[in-house]
Amino acid sequence: NRYLAETDKDMYVHLDTLLGYQNDWTVTRQHDIKAAVGYQHRFSETNMLSLSLMTNQAFGGEARQRELAGKMFAKSRNYTAANILGESRYQISLHYDDKQLGGAENLKMKAGIDVLADNDADHYRAEYNEENRDTTFLNYHRDYLSLFTEPFVQLQYQYKNWDFSLMERPQIYSNVQWDMMAAASPLLLHSHTQFANLAKANIGYIVKTRHRFDLSYSYDVKRPDYKQFSPMVRLTNTEGEFIQGNDSLRPEKVHKVNLRYSYRKDEHILTTVDIFYGHRKDKIEKVVIVNETGHKQIETLKTFTNDNVQHQLGGTLRLKLNYESLEAETWSSMAWERFTYYNGKAPKDEISYQLGLMLNAHLNKVVDLTSSLVYVSPTRSAYNEKNEYIGANLRLTYKSPVGVNVFIEANDIINKPRTENTWNESMTYMKVKEVVENRNCLGLGIRYEW
């Protein structure tokens, strides 16, 4: 859909490549390839049929080497792990757009179907050396295939200063997962299918052109990813922690109501104020199972659970500037959250806020500089506590006359990674901090369009 909006050509092709390198306690290399091809046919000035195919191929590898203390083994041993990841996503979309449905100038319709196939492959091998003997500690291969089928229809009706829109999007979701431990282990197969009916409605009112009010409602479903769902045990980091998915997880069900006021001073300046309420049922949380072994060691296993309902009430103030040589956006957001639990524990309240700034400067006709800065306050949910996070990113893009764009990007350059403490269910034990955001990542990319 994004590619269709960027071009007026009947036929188009886009190709992106990205090579990334990250140097932290892991050494990571990642290669991304994104491609899109599409065709659109205009029956008239008001209606159009479009067909598009998009794919994203990502390949990455990690190498870790560190001495582990007695938390994982009885004594320190040299430990090496290699993790090879592959992600493949394919999407085919058939859309019909009619800006004057039935000849009515104030009635628009969009309809179509999106089919998305998502495949994740994870090959993990870990070894440790004990008394000069190389021993394979863990070796497995995992594949996870998800299939989304989403037909949709969206209607938009305008009457004087009023604007009404309604979208209905049924979704059929299926996934199959197979895991294999070592070469001689049997294949473990897991599969399930779910159905959801996603919807969104909006009512807008324009006051004297510059002022607008919008009231919207949406219902969405957030499904567990393959790491959260897989029952296979895997190593998570150099502290010797293990994680196991939960194949009984239920999807998160999210209802959200939003009231927005927009003020457009002129064609360059737009201010918006949002007040929202969200209700998230079966929120997926990461928990820790703690075990004391006979050697007085503490063994931990992370897993996931649906244990609470989240209520959220907050607001956002946003300012957008759009000039010929500069585009800027700044925002601030604050929210109150309450977690209520299925097991009878007392509800927990939390207040969080975010600040953000984004700049896109057109230095000349062929060079763009994009930068962003985000601050996220400390948060604590049912079982997890995250410290404050400061993210700063830079991207420099060169646009050549022959259609080749070359860009260099640097992420998390302030080196303030977000870390996380994970609690066990009884809230009596807290794990060491674990980095959950990438940091110091440098990437070089090329994009070619024809």
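Modeller: Arg 42, Lys 99, Lys 108 and Lys 110 form a positive surface patch. Please note that this is a predicted model.

Biologist: Where is Lys 110 found?

Modeller: Lys 110 belongs to strand β5, which covers residues 107–130.

Biologist: Turning to salt bridges, how many are found in the whole structure?

Modeller: The search of the whole structure gives 14 salt bridges.

Biologist: Which residue forms a salt bridge with Arg 169?

Modeller: Asp 114 does, and the closest N and O atoms of the pair are 3.2 Å apart. Arg 169 lies in strand β7 (residues 162–181) and Asp 114 in strand β5, so the pair ties together parts that are 55 residues apart in sequence.

Biologist: Are Arg 169 and Asp 114 buried or exposed?

Modeller: Both Arg 169 and Asp 114 are buried.

Biologist: Which residues are linked with Arg 169 in a network of salt bridges?

Modeller: The network links Arg 169 with Asp 114 and Glu 150.

Biologist: What about Asp 214: which residue does it form a salt bridge with?

Modeller: Asp 214 pairs with Arg 212, and their closest N and O atoms are 2.8 Å apart. Asp 214 is buried, with a relative accessible area of 11%. Arg 212 counts as partly exposed, at 22% relative accessibility.

Biologist: And which residue forms a salt bridge with Lys 399?

Modeller: Asp 368 is the partner of Lys 399, with the closest N and O atoms 3.2 Å apart.

Biologist: Why does Asp 368 count as buried?

Modeller: Asp 368 counts as buried because its relative accessibility is 10%, where the cut-off is under 20%. Lys 399, at 28% relative accessibility, counts as partly exposed.

Biologist: A change of topic: where is Thr 305 found?

Modeller: Thr 305 is found in strand β14 (residues 298–322). Thr 305 is partly exposed, with a relative accessible area of 22%.

Biologist: Which residues does Thr 305 touch, not counting residues up to four places away in sequence?

Modeller: On that basis, Thr 305 touches Asn 246, Leu 249, Lys 283, Ile 284, Glu 285, Val 287 and Tyr 383.

Biologist: How many residues apart in sequence are Thr 305 and Asn 246?

Modeller: They are 59 residues apart in sequence, while the C-alpha to C-alpha distance between Thr 305 and Asn 246 is 7.3 Å.

Key:
Residues are numbered from 1 along each chain as its sequence is written. This is a predicted model: local features need pLDDT of at least 70, side-chain atom pairs count only at pLDDT 80 or more; totals for chains, interfaces and linings use all residues. Side-chain values use heavy atoms; hydrogens and water are left out. Patches are made of residues with over 30% relative accessible area and no salt bridge: like charges are joined within 9 Å, nonpolar side chains (Val, Leu, Ile, Met, Phe, Trp, Tyr) within 5 Å. Accessible areas come from the Shrake-Rupley method with a 1.4 Å probe; for residues, only the protein chains shown count as cover. A salt bridge is a side-chain nitrogen of Lys or Arg within 4 Å of a carboxyl oxygen of Asp or Glu. Lys and Arg count as positive and Asp and Glu as negative; His and the chain ends are not counted. The place of a charge is taken as NZ of Lys, CZ of Arg, CG of Asp or CD of Glu. Helices (H or I, at least four residues) and strands (E, at least two) are DSSP runs, numbered from the N terminus. Buried means under 20% relative accessible area, exposed over 50%, partly exposed in between (1.4 Å probe, protein chains only). Contact means heavy atoms within 4.5 Å.
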